[in-house]
Amino acid sequence: MCVCVCVCVFDDRAWYPLGRIIGGTIYPGLMVTSAAIYHILNWLHISIDVRNVCVFLAPLFSSFTTIVTYHLAKELKSPGAGLVAAVMIAIVPGYISRSVAGSYDNEGIAIFCMLLTYYMWIKAVKTGTLFWSTMAALAYFYMVSSWGGYVFLINIIPLHVLTLMITGRFSHRVYVAYSSLYVIGTILSMQISFVGFQPVSTSEHMGAFGVFGLCQIHAFVDYVRSHLNKNQFDTLFRAVISTIAAAGVLTLAVLAALGKIAPWTGRFYSLLDPSYAKNNIPIIASVSEHQPTAWSSFYFDLQMLTFMFPVGLYFCFSNLTDENIFIILYGVLSIYFAGVMVRLMLVLAPVMCILSGIAVSSLLSTYMKQIDDVKVEKKKQRFEGNYFMRSEIATLFVCVMSVFLVMYTLHCTWVTSEAYSSPSIVLSARGHDGSRIIFDDFREAYYWLRHNTPEDAKVMSWWDYGYQITAMANRTILVDNNTWNNTHISRVGQAMASSEDKAYQIMRELDVDYVLVIFGGLTGYSSDDINKFLWMVRIGGSTDKGTHIKEHDYYTPAGEFRVDKEGSPTLLNCLMYKMCYYRFGQVYTEGGKPPGYDRVRNVEIGNKDFELDVLEEAYTTEHWIVRIYKVKDLPNRGA
Amino acid sequence: MLRLLVLSLCVAATVATNTLVLVDTLATRETHSIFLKSLQERGHEVSVKAADDPSLQLSRYGEYLYQNLVILAPGVEEFGGALSVETIVEFVDGGGNVLVAGSRDAADLIRELVTEVGVEMDEEGAAVIDHLHYDANDDGQHTLIAAPSSGLIESDVMVGPSEGTPILYRGTGLITDAENPLVLPVLRAPSTSYCYNPTHAITDYPHATGQNMLLVAALQARNNARVVVSGSLEFFSDAFIMASVQTPQGSFHERSGNGKVVEALSRWVFKEEGVLRVVSIDHHLEGEKIPPAAYTIKQDVEYKIKVERLVAGSWKPFNTTDLQMEFVRIDPFVRLTMTPNSEGVFSVTFMVPDVYGVYQFKVEYNRVGFTRLFNTTQVSVRPFTHLEYERFIECAYPYYASAISMMVGVFFFSLVFLHHKDPAPKSKAE
């Protein structure tokens, strides 16, 4: 409704009836960036639609990423390494998934911001100037404004500093770089209203604060040491250290007990302990991107980078500098995190490219020298005996490396065209005769809503479809992809998982007019609401009001989730089941199978002939993928 | 002015209510003449037809020909024309009012019809019997009940002011659906009564006994359509209206209470009484005229609602002290009683709660006998924008002080640092 970009916009079309403060629940970086580009271009009289800006924002930023990767790798190793790394990140599938045209997502610009911050940080550590550390703080601020992943950044930089301290590499350059980055960066990050006071209150940020304190102490100790003799210094040092440690632990304990330091939030726990979120926070675990990564997807998204990565690490270790320590830390940590969550593959991809770039460039420059450098051969006659067919082996090696690089290019192109470049709102499948079948049911349903329901109608659906309904159907929705309020999502989950009567109470309480479900049983579209249903049950049962919803009620006695005759009666009579399978029992879906044969679960459904009491079918799309129901009014003549 | 008056008279004339009366035999027209005549006197276009008349129809081209339907035909086996139980139920759902009278021998059709409105007639042949509350004219079976007026529902709008005269009744007993919250007990049977076939020996426990049994029931549907069901056709008859009552306890009344009750009840069921409407709603910030696009938390808001009541055919300002307004977001955050003025405008001023969201001004007024007054208006309540917070907070003064002192300190420090010069070191020679 209101298009101005300011933090005070209040959205009353989503999260009915709670509403949502847009500025307080999103990272504004993406919107601010696109609005800025839009205004600047129009100010220059380059007329462009804001939608086009949004569509092309991700590709634009991915090209910025390529440039900044070059500079980063150049700082770490050499211009050659920079070039290879830049080429690699330009096509790496793990990053292309977020940078194709039309992907308008926080991550699209966040990866650029992250690499930019790293670049500035390396510069700051190398030069030790206020200029570069302030630039790093500004880049960090941009990162904070665009993605929640900034927490990774504010932990890895202090870790770098800590490692430098432990390895005895702490210097005035590091002191200046980190102290100014931390202070300016923290103050700036608190200006983002979604972040607010988190940088000084939650435990994810405490590491950075602790290292900041250590920096001061370390610098002070160095100063004192330069003025005292060794014995005096040792005595003083011991006394002070023990006092400070005791006081620090005590303060932390008191603050944590008083709740001044927020307990470790779920998202972060799930990074350290992959089973934490699954056991405790269903809404985090339910997102497929938060699932642990399969080994195959490492290869799928990174291909040759997976085995060039250790080579790159070797080269970094072989020439240990302050900045190489940073990239080693970054690589090792992000590979761990990427193993925990698929989503963090995105954080891993750039460092993989940089390290592989270093590796490939170092290897090539080593062997290229050997191919036909006849002069060197003659000069270093003494060593010649050690090398057997030096030139030939070098040539062979270069060839093999070239083959690898060509394979990498082919793989990336293939993955991109197969997996990352089709729209998710229009589905396609192959028919029996090999022809292409297009399922345009989502748009069909959303346009139906747009044209056939009252403008103030409230639509209830699972949160995955919230943004789409808002944008394409222009109707008020209860929950959407900005999952800022678990209780409300849980309420919707309870409605879906309850029997019709109980669901009706919830729906009336929330003024629901229409309910929308996604059903794939007819077409075999497997990410439908029945397959997501267990998450609705878990999320629904995770709050106080939903304690009557227990996950095991929806399983068979043998502990299986099935929708056929063996399925649990609770499941076969809940609202979601009834909405998905209403009238489905009379439909023949596949030759040689009984009516009501579900092509996703590959079973004949268990509860076929039922009527809906509190809902009436309003619309079902061509392939039954989207089904919309209208909530009936109370009966006119009483019960 | 005069033209306007004429015009409004014309309008009043054209909105005469059409009432269809269905009878078993046309003799009913004579036996119930007082009731029918009172309808005509009140401006109803009464058309009396036999219930099996093949030309019967309630609607034509999707519009109802009648606003009210009276079924004084307990014996009808099948309705004539386009009429059926379904069409009558549809008629109720479409806003029409129905008055149904049954009897001991009411046909299945009538029984089916009344179950649709949440009332059940006792089985065929059963009659209400009371050995303590019967009239002297009874034939010995004690089925001519003189029901004490204490059984009447406490609502002047529905049954008129109570006068204490017993009400004559002969017919079957009614049982209501306990789960239907919309059914009203207009006249309860005396506690000593029961319902059974008077010619049979009692072999099993009667279905309906005492106060659980109703003689007259009413239903006000959610669309405000009204239905009255009586188990006795004679309840509305001239004979009962004109009769005197002599109870076994010895009290004598010149006239039965039927006349008054029938009059009041028919006024109620045909929506001549107890009808309210919302004329206009107005909400705005206190001291302003038009509502803003969205309210901000903690603002003072004034809400006004104008309610009118139908009195003798014209709308008059409604006056009550118990009309409440709720400000609801799932739960009511504010619930206040509104104060009326002489023009029927109820108003209240309150502060929007300190919780943002999408709220509804909700007025819900359900009183026995009155139509359901229900009105919601949706408004958004947004939080403060960054400009609207307090600029300086008293308790933050120490922080302001520390910030300013820091700035001053740094300023002087840099001044000193830049312009201070150590005295030149003494030369080694010295």
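This briefing covers the interface, the sheets and hairpins, the annotated regions and some backbone details of a predicted model with chains A and B.

Residues are numbered from 1 along each chain as its sequence is written, and chains are lettered from A and ligands numbered from 1 in the order in which they are written. In this predicted model local features need pLDDT of at least 70, side-chain atom pairs count only at pLDDT 80 or more, and totals for chains, interfaces and linings use all residues, while side-chain values use heavy atoms, with hydrogens and water left out.

**Interface between chain A and chain B**

- In the contact count, 19 residues of chain A touch 27 residues of chain B, where contact means heavy atoms within 4.5 Å.
- About 2000 Å² is buried between chain A and chain B, and carbon and sulfur atoms give 57% of that area. Buried area is the accessible area (1.4 Å probe) that two parts lose on being put together, summed over both.
- On the chain A side, the residues that lose the most area to chain B are Phe10(A), Asn636(A) and Arg637(A), which together make up 36% of what that side buries.
- Two salt bridges are counted between chain A and chain B; a salt bridge is a side-chain nitrogen of Lys or Arg within 4 Å of a carboxyl oxygen of Asp or Glu.
- Arg637(A) and Glu116(B) form a salt bridge through their side chains, at 3.4 Å from N to O.
- There are 10 residue pairs in polar contact between chain A and chain B, both residues being at pLDDT 80 or more. A polar contact is a pair of N or O atoms within 3.5 Å; within protein, one must be able to donate a hydrogen and the other to accept it, and residues adjacent in sequence count only if both atoms are side-chain atoms.
- The side of chain A that touches chain B consists of 11 nonpolar, three polar and five charged residues. Here Ala, Val, Leu, Ile, Met, Phe, Trp, Tyr, Cys and Pro count as nonpolar, Asp, Glu, Lys and Arg as charged, and the others, Gly among them, as polar.

**Sheet in chain A**

- Helices (H or I, at least four residues) and strands (E, at least two) are DSSP runs, numbered from the N terminus; two strands pair if DSSP finds at least two bridges between them.
- Five strands of chain A form an open sheet in the order β6-β5-β7-β11-β10, with mixed pairing.
- Strands β6 (476-477) and β10 (615-620) of chain A are at the edges and have a single partner strand each, so one side of each is left without a neighbour in the sheet.
- Strand β5 (residues 458-460) of chain A pairs with β6(A) in the parallel sense over two bridges, and Lys458(A) has Thr476(A) as its bridge partner in β6(A).

**Sheet and hairpins in chain B**

- An open sheet of five strands in chain B runs in the order β19-β27-β26-β22-β23, with mixed pairing. Its edge strands, β19 (295-296) and β23 (331-337) of chain B, each pair on one side only.
- Strands β26 (residues 357-365) and β27 (residues 373-382) of chain B are antiparallel and share nine bridges; Gly357(B) is bridged to Val381(B) in β27(B).
- Strand β22 (residues 324-329) of chain B pairs with β23(B) in the antiparallel sense over six bridges, with Arg329(B) opposite Asp331(B). The two strands form a hairpin with one residue between them, and Ile330(B) in the turn has a positive phi of about 65 degrees.
- Strands β20 (residues 300-311) and β21 (residues 314-317) of chain B are antiparallel over four bridges, with Arg309(B) opposite Lys316(B). Two residues lie between β20(B) and β21(B) in this hairpin, and Ala312(B) in the turn has a positive phi of about 50 degrees.

**Annotated regions**

- UniProt positions are given in the numbering used here, feature names are shortened, and annotations may be inferred rather than shown by experiment.
- In an unreviewed UniProt entry, "domain: OST48 middle" is placed at residues 283-421 of chain B. Over residues 283-421 the chain is 17% helix and 45% strand, and the end C-alpha atoms are 72 Å apart.
- The unreviewed UniProt entry places a "transmembrane region" at residues 397-418 of chain B. Residues 397-418 of chain B are 100% helix and 0% strand, with end C-alpha atoms 31 Å apart.

**Backbone details**

- The peptide bond from Tyr16(A) to Pro17(A) is cis, with omega near -5 degrees. Pro17(A) sits in the loop between β1 (10-11) and β2 (20-21) of chain A.
- His142(B) is not a glycine, yet has a positive phi of about 60 degrees. His142(B) is in the loop between β8 (127-129) and β9 (145-147) of chain B.
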